[in-house]
Amino acid sequence: MVRKIQTLLLSHKHIHLRWLKAHVGYLGYECADQLAKEPITEGDPFFLPKPLSYLKYEIRPATLSIWQDNWDNGETGRSTHDIVPTVSNKPVG
């Protein structure tokens with residue numbers, strides 16, 4: 001999302017981001033503030049049914065398992081596989 005915003009900002013030179021003092025009556029700011037306070041619902045593209053930390057906790061072992069399966073059954077890197085048979089997201093010395 002950040003990259004999309006950066007790309008949009010770079011391609012539309014007439015758009016400028018500026019700091020505004022809060023709660024002093026700027027109409028656009030007050031509208032944005034009100035929208036930010038609305039609850040996120042299931043129809044919202046940013047809605048996550050569980051906290052992001054929980055999703056990462058659940059996804060990590062699954063991805064490591066898939067990676068390990070690919071490493072064990074792949075056709076390349078066999079000599080390296082003999083030295084480092086287990087995948088890990090930690091550096092190997």
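His 81 is found in helix H4, residues 78-83; helices here are DSSP runs of H or I with at least four residues, numbered from the N terminus. The model is predicted: local features need pLDDT of at least 70, side-chain atom pairs count only at pLDDT 80 or more, and totals for chains, interfaces and linings use all residues. Residues are numbered from 1 along each chain as its sequence is written, and side-chain values use heavy atoms, with hydrogens and water left out.

Leaving aside neighbours within four places in sequence, His 81 is in contact (heavy atoms within 4.5 Å) with Trp 71 and Asp 72. The ring of Trp 71 also has the charged end of Arg 78 over it, 5.3 Å from the ring centre; this requires NZ of Lys or CZ of Arg within 6 Å of the ring centre and within 35 degrees of the ring normal.

Gln 68 lies in helix H3, residues 52-73. With the same exclusion of neighbours within four places, Gln 68 contacts Pro 85, Thr 86 and Val 87.

Accessibility is classed as buried under 20% relative accessible area, exposed over 50% and partly exposed in between (1.4 Å probe, protein chains only).

| Residue | Relative accessible area | Class |
|---|---|---|
| His 81 | 14% | buried |
| Gln 68 | 17% | buried |
| Met 1 | 61% | exposed |

Met 1 lies in the segment before helix H1 (2-11). Together with Ile 5 and Phe 46, Met 1 makes a nonpolar surface patch of about 350 Å².

Methods: Helix = DSSP H or I, 4+ residues; strand = E, 2+ residues; numbered from the N terminus. Patch = residues over 30% accessible without salt bridge, like charges linked within 9 Å, V, L, I, M, F, W, Y side chains within 5 Å. Areas by Shrake-Rupley, 256 points an atom, 1.4 Å probe, with all protein chains shown as cover. Salt bridge = Lys/Arg side-chain N within 4 Å of Asp/Glu carboxyl O.
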